[in-house]
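Hello,

Here is the structure we talked about handing over. My notes on it follow below.

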Amino acid sequence: MHILVSNDDGYRASGIAALAKAMRRFGRVTIVAPDHNHSGASNSLTLNRPLTVEHMPGDDLYVVSGTPSDCVHVALTGLLDEKPDLVVSGINCGANMGDDTMYSGTVAAAIEGYLFGIPSIAFSQIDKGWAELESAAEVAGVVVEKFLPQIREKREAVLLNVNMPNMPREALQGIRATRLGRRSSAESVIREMSPRGFPIYWLGAAGKPADAAEGTDFWATSHGFVSVTPLQTDLTNHRQVGEAARWFDSDSLGGNR
Ligand code: MN
């Protein structure tokens, strides 16, 4: 089995080294990761300049001057000599639950694999700072091991979003299949003065969980479970398609032409 490993925290991050190490027991590992931190990059691609790819031969590591999506995209469209069987992303420094998934570069790297029809998993630790990273890497190994039959069957591409409490493995309660919760709106932007005398703005922190009901990723991780959410990329609000046809009177643009 060949596993492609990427992340959004950059190739130097502790999380990607731990994840790659945990994946090596399943077969061949290739790391293709950004040259610096791209947290919050979402699914952005670099289209206005070329990318450089630096190969570190001993480690099967490729360092890309682009986003997480760029990394997986380049890997799958010409850099790798074969299509990988699995794409994993992370381990991210910080949670990617609920609305975070819309902004996350960690999830985006996995989405890129999924869009190319490859089973893909994003891994994140809830708290920042890498506490219990060894435990998280072990858990990532367990998740992949349990997921192997699905990878081998290759019935349909699967995209999993995994969030892990920063706890020792023996303290974790188990694995829960979840849905995404919701956060409330992000906190206010923080306005400061630059040393040059003009205002600068720091985007505020993510909102607190608003829907953390039982069954959500927020609920599972706050109760000591590893949360596994199957994701899809179809953003269509299927309930509103019929309504939208009425709002816009599909057959006519109207007006006096
Ligand atoms: Mn990150």
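**Notes on the predicted model**

Glu187 has a relative accessibility of 41%, so Glu187 counts as partly exposed. Please keep in mind that this is a predicted model.

Salt bridges

Glu187 pairs with Lys208 in a salt bridge whose closest N and O atoms are 3.3 Å apart. Lys208 sits in the loop between β11 and β12 (209-211) and Glu187 in the loop between β9 (182-183) and β10, so this pair ties together parts that are 21 residues apart in sequence. Lys208, at 56% relative accessibility, counts as exposed.

The structure holds eight salt bridges. Another of them joins Arg28 and Glu82, with 3.0 Å between the closest N and O atoms. Since Arg28 belongs to strand β2 and Glu82 to the loop between α2 (68-79) and β5 (86-93), the pair ties together parts 54 residues apart in sequence. Both ends are partly exposed: Arg28 has a relative accessible area of 35%, and Glu82 is at 38% relative accessibility.

Arg169 is partly exposed at a relative accessible area of 42%, as is Glu138 at 38% relative accessibility.

Manganese site

The manganese ion is coordinated at 2.1 to 2.2 Å by Asp8 (OD), Asp9 (OD), Ser39 (OG) and Asn92 (OD1). The spacing of these donor residues in sequence is D-D-x29-S-x52-N. Asp8, in the loop between β1 (2-6) and α1 (14-23), and Ser39, in the loop between β2 (28-34) and β3 (53-56), are 31 residues apart, and the pair links distant parts of the chain. Asp8 is buried, with a relative accessible area of 2%, whereas Ser39 counts as partly exposed at 43% relative accessibility.

Other points

Met102, Tyr103 and Leu235 make a nonpolar surface patch of about 410 Å². Leu235 lies in the loop between β13 (225-231) and α7 (238-247); with a relative accessibility of 71%, Leu235 counts as exposed.

Ser194 is located in the loop between β10 (190-193) and β11 (199-202). Its relative accessibility is 8%, so Ser194 counts as buried. The C-alpha atoms of Ser194 and Ala18 are separated by 38 Å, and these residues are 176 residues apart along the chain.

Regards

Technical notes. Residues numbered from 1 in each chain as written. Predicted model: local features only at pLDDT ≥ 70, side-chain atom pairs only at ≥ 80, totals over all residues. Heavy atoms only, no water. Patch = residues over 30% accessible without salt bridge, like charges linked within 9 Å, V, L, I, M, F, W, Y side chains within 5 Å. Areas by Shrake-Rupley, 256 points an atom, 1.4 Å probe, with all protein chains shown as cover. Salt bridge = Lys/Arg side-chain N within 4 Å of Asp/Glu carboxyl O. Helix = DSSP H or I, 4+ residues; strand = E, 2+ residues; numbered from the N terminus. Buried < 20%, exposed > 50% of the residue type's maximum accessible area, 1.4 Å probe, protein only. Donors = N, O, S within 2.8 Å, 3.2 Å for Na, K, Ca; no water.
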